[in-house]
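Have the structure open as you read.

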Amino acid sequence: MYKILCNMKASKSLSIEESHMQTIERYSLFSDLLDSNGIVDDNVLDKLRLNVRSLLASNSHDAELLDFCQKVLFHDWMKAFGLHQLILTYIEWQNEKLESLKSELETEAEA
């Protein structure tokens with residue numbers, strides 16, 4: 001489980017589960033989300049929410065996507081700052097996953 005801050009004062013935070021990270025990965029939710037400037041603002045959050053709404057319209061029975069929406073994306077505390085923290089945490093998660101895979105492959109190669 002991961003914890004992201006939702007404001008600069010660090011008074012609000014959200015818990016992010018492994019399944020939420022997997023949902024982001026499965027639907028490539030962060031793919032082509034940011035403009036060339038790389039700034040996460042309210043427009044980026046709105047864009048992500050609209051993309052997810054369209055996914056839900058076409059696949060409304062996906063429990064993992066609905067859970068991600070309820071607990072993270074459409075949470076009252078989720079603002080641009082929180083999305084930025086979520087993106088950074090997702091990148092960290094991907095790096096950890098990649099390192100774990102590399103070490104598994106190295107272990108298999110040695111055996």
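Is Phe 74 buried, partly exposed or exposed? Phe 74 counts as partly exposed because its relative accessibility is 29%, where buried means under 20% relative accessible area, exposed over 50% and partly exposed in between (1.4 Å probe, protein chains only).

Before going on: this is a predicted model, where local features need pLDDT of at least 70, side-chain atom pairs count only at pLDDT 80 or more, and totals for chains, interfaces and linings use all residues. Residues are numbered from 1 along each chain as its sequence is written, and side-chain values use heavy atoms, leaving out hydrogens and water.

Phe 74 sits in the loop between helix 3 (63-73) and helix 4 (80-110); helices (H or I, at least four residues) and strands (E, at least two) are DSSP runs, numbered from the N terminus. Setting aside neighbours within four places in sequence, Phe 74 is in contact (heavy atoms within 4.5 Å) with Arg 49, Arg 53 and Cys 69.

Now for helix 1 and helix 4. They're roughly perpendicular, a label for angles of 65 to 115 degrees. Axes here are lines fitted to C-alpha atoms, for helices over the stretch in contact, with angles running from 0 to 180 degrees between N-to-C directions.

| Helix pair | Angle | Axis separation |
|---|---|---|
| Helix 1 and helix 4 | about 90° | 11 Å |

On the helix 1 side, Glu 18, Met 21, Gln 22, Ile 24 and Glu 25 make the contact, meeting Leu 86, Thr 89, Tyr 90, Trp 93, Gln 94 and Lys 97 of helix 4. Leu 86 also touches residues including Ile 4, Phe 30 and Met 78.

Notes:
Angles under 35 degrees count as roughly parallel, over 145 as roughly antiparallel, 65 to 115 as roughly perpendicular and the rest as oblique.
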